[in-house]
Amino acid sequence: MKNDLIKAKELLVNYGYTCVLCCGDKTKTSSLRGVKPLVDFYNCGDDFDGWSAADKVVGKATAYLYVLLGIKQIYAGIISKEAYSVLTGAGICVEYGERVEYIINRRGDGMCPFENAVMNAAGPREAYGIIVDKMKEMNL
(Lines give C-alpha, C1' and ligand atoms only; values in the text may rest on other atoms or scores of the structure.)
Protein backbone atom coordinates (compact mmCIF):
# COMPACT_ATOMS: atom_id res chain seq x y z
CA MET A 1 0.00 0.00 0.00
CA LYS A 2 2.90 2.36 0.71
CA ASN A 3 3.98 1.99 -2.93
CA ASP A 4 0.53 3.23 -4.00
CA LEU A 5 1.01 6.40 -1.96
CA ILE A 6 4.48 6.95 -3.43
CA LYS A 7 3.09 6.48 -6.95
CA ALA A 8 0.16 8.85 -6.29
CA LYS A 9 2.46 11.51 -4.87
CA GLU A 10 4.90 11.21 -7.81
CA LEU A 11 2.07 11.59 -10.34
CA LEU A 12 0.69 14.59 -8.44
CA VAL A 13 4.04 16.36 -8.29
CA ASN A 14 5.46 15.43 -11.70
CA TYR A 15 2.41 15.72 -13.95
CA GLY A 16 0.50 18.68 -12.59
CA TYR A 17 -2.61 16.83 -11.45
CA THR A 18 -4.68 18.22 -8.61
CA CYS A 19 -5.54 14.78 -7.24
CA VAL A 20 -4.47 11.22 -7.90
CA LEU A 21 -5.90 7.91 -6.64
CA CYS A 22 -3.83 4.70 -6.90
CA CYS A 23 -4.25 1.02 -6.13
CA GLY A 24 -1.81 -1.43 -7.68
CA ASP A 25 -1.87 -0.91 -11.43
CA LYS A 26 -5.09 1.15 -11.31
CA THR A 27 -4.90 4.96 -11.31
CA LYS A 28 -7.47 7.76 -11.44
CA THR A 29 -6.30 11.35 -11.98
CA SER A 30 -7.82 14.78 -12.28
CA SER A 31 -6.64 18.28 -13.09
CA LEU A 32 -9.88 19.87 -11.86
CA ARG A 33 -9.72 22.06 -8.78
CA GLY A 34 -11.72 21.90 -5.59
CA VAL A 35 -14.18 19.19 -4.60
CA LYS A 36 -15.48 18.44 -8.12
CA PRO A 37 -13.11 15.58 -9.02
CA LEU A 38 -13.84 13.75 -5.77
CA VAL A 39 -17.58 14.16 -6.15
CA ASP A 40 -17.20 12.77 -9.69
CA PHE A 41 -15.10 9.83 -8.42
CA TYR A 42 -17.68 9.14 -5.69
CA ASN A 43 -20.54 9.18 -8.19
CA CYS A 44 -18.84 7.09 -10.89
CA GLY A 45 -19.67 3.82 -9.15
CA ASP A 46 -16.08 2.53 -8.91
CA ASP A 47 -14.85 0.99 -5.66
CA PHE A 48 -11.96 2.98 -4.16
CA ASP A 49 -11.92 1.21 -0.81
CA GLY A 50 -8.31 0.75 0.30
CA TRP A 51 -6.82 3.02 -2.38
CA SER A 52 -4.17 5.67 -1.74
CA ALA A 53 -4.48 9.33 -2.72
CA ALA A 54 -2.40 12.42 -3.27
CA ASP A 55 -3.98 15.87 -3.44
CA LYS A 56 -2.63 19.40 -3.71
CA VAL A 57 -5.08 20.90 -1.19
CA VAL A 58 -7.22 19.06 1.36
CA GLY A 59 -9.80 20.95 3.36
CA LYS A 60 -12.52 19.53 5.57
CA ALA A 61 -14.98 19.03 2.69
CA THR A 62 -12.39 17.15 0.66
CA ALA A 63 -11.44 15.09 3.71
CA TYR A 64 -15.04 13.96 4.15
CA LEU A 65 -15.13 12.92 0.49
CA TYR A 66 -11.95 10.87 0.90
CA VAL A 67 -13.56 9.13 3.88
CA LEU A 68 -16.63 8.30 1.76
CA LEU A 69 -14.38 6.96 -1.00
CA GLY A 70 -12.70 4.58 1.45
CA ILE A 71 -9.18 5.94 0.94
CA LYS A 72 -6.74 4.37 3.43
CA GLN A 73 -3.78 6.74 3.09
CA ILE A 74 -3.25 10.18 1.66
CA TYR A 75 -0.60 12.75 0.94
CA ALA A 76 -1.74 16.39 0.96
CA GLY A 77 0.46 19.24 -0.23
CA ILE A 78 -1.57 21.55 2.02
CA ILE A 79 -4.04 20.30 4.62
CA SER A 80 -6.26 22.17 7.04
CA LYS A 81 -6.32 21.39 10.74
CA GLU A 82 -9.97 20.27 10.49
CA ALA A 83 -9.26 18.04 7.48
CA TYR A 84 -6.40 16.36 9.33
CA SER A 85 -8.75 15.63 12.25
CA VAL A 86 -11.44 14.16 9.95
CA LEU A 87 -8.96 11.91 8.16
CA THR A 88 -7.06 10.65 11.19
CA GLY A 89 -10.34 10.22 13.07
CA ALA A 90 -11.46 7.88 10.27
CA GLY A 91 -8.26 5.86 10.57
CA ILE A 92 -6.67 7.23 7.40
CA CYS A 93 -2.88 7.53 7.42
CA VAL A 94 -1.97 11.13 6.54
CA GLU A 95 1.23 12.66 5.20
CA TYR A 96 1.38 16.33 4.28
CA GLY A 97 3.64 19.15 3.20
CA GLU A 98 2.04 21.97 5.17
CA ARG A 99 -0.76 22.05 7.77
CA VAL A 100 -2.73 25.30 7.97
CA GLU A 101 -5.53 26.63 10.15
CA TYR A 102 -7.99 26.57 7.23
CA ILE A 103 -8.04 26.50 3.43
CA ILE A 104 -8.20 29.96 1.88
CA ASN A 105 -10.69 30.70 -0.91
CA ARG A 106 -9.52 31.38 -4.46
CA ARG A 107 -9.80 35.16 -3.98
CA GLY A 108 -7.49 34.89 -1.00
CA ASP A 109 -9.77 36.87 1.30
CA GLY A 110 -11.41 34.24 3.47
CA MET A 111 -12.12 30.57 4.10
CA CYS A 112 -12.83 28.13 1.27
CA PRO A 113 -16.63 28.11 0.83
CA PHE A 114 -16.77 24.30 0.93
CA GLU A 115 -14.69 24.01 4.08
CA ASN A 116 -16.88 26.67 5.67
CA ALA A 117 -20.08 24.95 4.52
CA VAL A 118 -19.21 21.59 6.14
CA MET A 119 -17.67 23.00 9.30
CA ASN A 120 -20.58 21.79 11.47
CA ALA A 121 -21.44 18.64 9.50
CA ALA A 122 -22.11 15.61 11.69
CA GLY A 123 -20.17 13.29 9.40
CA PRO A 124 -19.26 12.34 5.84
CA ARG A 125 -22.78 11.60 4.58
CA GLU A 126 -24.19 14.89 5.84
CA ALA A 127 -21.14 16.69 4.47
CA TYR A 128 -21.70 15.12 1.04
CA GLY A 129 -25.24 16.55 0.87
CA ILE A 130 -23.96 19.97 1.92
CA ILE A 131 -21.18 19.83 -0.70
CA VAL A 132 -23.60 18.90 -3.51
CA ASP A 133 -25.98 21.71 -2.48
CA LYS A 134 -23.08 24.20 -2.39
CA MET A 135 -21.91 23.08 -5.84
CA LYS A 136 -25.40 23.74 -7.22
CA GLU A 137 -25.51 27.12 -5.50
CA MET A 138 -22.15 28.03 -7.08
CA ASN A 139 -23.09 26.54 -10.50
CA LEU A 140 -20.21 24.05 -10.43
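Thr 62 is in contact (heavy atoms within 4.5 Å) with Val 35, Leu 38, Asp 55 and Val 57, leaving aside its neighbours within four places in sequence. Thr 62 lies in helix α3. Helices (H or I, at least four residues) and strands (E, at least two) are DSSP runs, numbered from the N terminus. Thr 62 counts as buried, at 7% relative accessibility. Buried means under 20% relative accessible area, exposed over 50%, and partly exposed in between (1.4 Å probe, protein chains only).

The model is predicted: local features need pLDDT of at least 70, side-chain atom pairs count only at pLDDT 80 or more, and totals for chains, interfaces and linings use all residues. Residues are numbered from 1 along each chain as its sequence is written, and side-chain values use heavy atoms, with hydrogens and water left out.

## The cores

A nonpolar core is a set of buried Ala, Val, Leu, Ile, Met, Phe, Trp, Tyr and Cys residues joined through side-chain atoms within 4.5 Å. The largest one has 36 residues. Leu 21, Val 58, Leu 65, Tyr 66, Ile 74, Leu 87 and Ile 131 touch the most other members. At least two residues of this core come from each of β1 (19-23), α2 (36-43), β3 (52-58), α3 (60-69), β4 (73-80), α4 (81-89) and α6 (124-137). Which helix gives the most to this core? The answer is α3, with seven residues.

Take Ile 74 as one example. Leaving aside its neighbours within four places in sequence, Ile 74 is in contact with Leu 5, Ala 53, Val 58, Tyr 66, Leu 87, Ile 92, Cys 93, Val 94 and Glu 95. A second, separate core has eight residues, including Ala 8, Leu 12, Val 20 and Cys 22.

In α4, the residues Ala 83, Val 86 and Leu 87 are buried. Seen down the axis of α4, its buried residues fall within an arc of 95°, so they line one face of the helix. The arc is that of the directions from the helix axis to the C-beta atoms. An α-helix has 3.6 residues a turn, so residues three or four places apart point the same way. The cover over the buried residues of α4 includes β3, α3, β4 and β5 (93-100). After α4 comes Gly 91, with a positive phi near 80°.

Now turn to α2. Here Pro 37, Leu 38, Val 39 and Phe 41 are buried. Their cover includes β1, β2 (26-30), β3, α3 and α6. Gly 45 follows α2, and its phi is positive, near 90°.

## The largest pocket

A pocket is found on a 1 Å grid over the protein atoms alone: it is an open set of points where a 1.4 Å probe fits, with protein on both sides within 12 Å along at least five of seven lines, and its lining residues have an atom within 4 Å of a point. Grid points are joined across faces, edges and corners, and a volume is the space filled by probe spheres set on the points. The largest pocket holds about 750 Å³ of space. Its lining has 32 residues, and Arg 33, Gly 34, Ile 103, Arg 106 and Cys 112 are the closest to its centre.

Each of α2, β3, α3 and α5 (113-117) supplies at least two residues of the lining. β3 gives the most, with four residues. By class, the lining has 19 nonpolar, five polar and eight charged residues. Ala, Val, Leu, Ile, Met, Phe, Trp, Tyr, Cys and Pro count as nonpolar, Asp, Glu, Lys and Arg as charged, and the others, Gly among them, as polar.

## Single residues

The table pairs residues by sequence and space.

| Pair | Apart in sequence | C-alpha to C-alpha |
|---|---|---|
| Asp 4 and Thr 27 | 23 residues | 9.3 Å |
| Asn 105 and Gln 73 | 32 residues | 25 Å |
| Ile 6 and Cys 44 | 38 residues | 24 Å |

Asp 4 is in helix α1 (residues 2-15). Asp 4 counts as buried at 13% relative accessibility. Not counting residues up to four places away in sequence, Asp 4 touches Cys 22, Cys 23, Gly 24 and Ser 52.

Asn 105 sits in the loop between β5 and α5. Is Asn 105 buried or exposed? At 13% relative accessibility, Asn 105 counts as buried.

Asn 139 lies in the segment after α6. Asn 139 is exposed, with a relative accessible area of 71%. Its phi is positive, about 55°, although Asn 139 is not a glycine. Most residues other than glycine have a negative phi.
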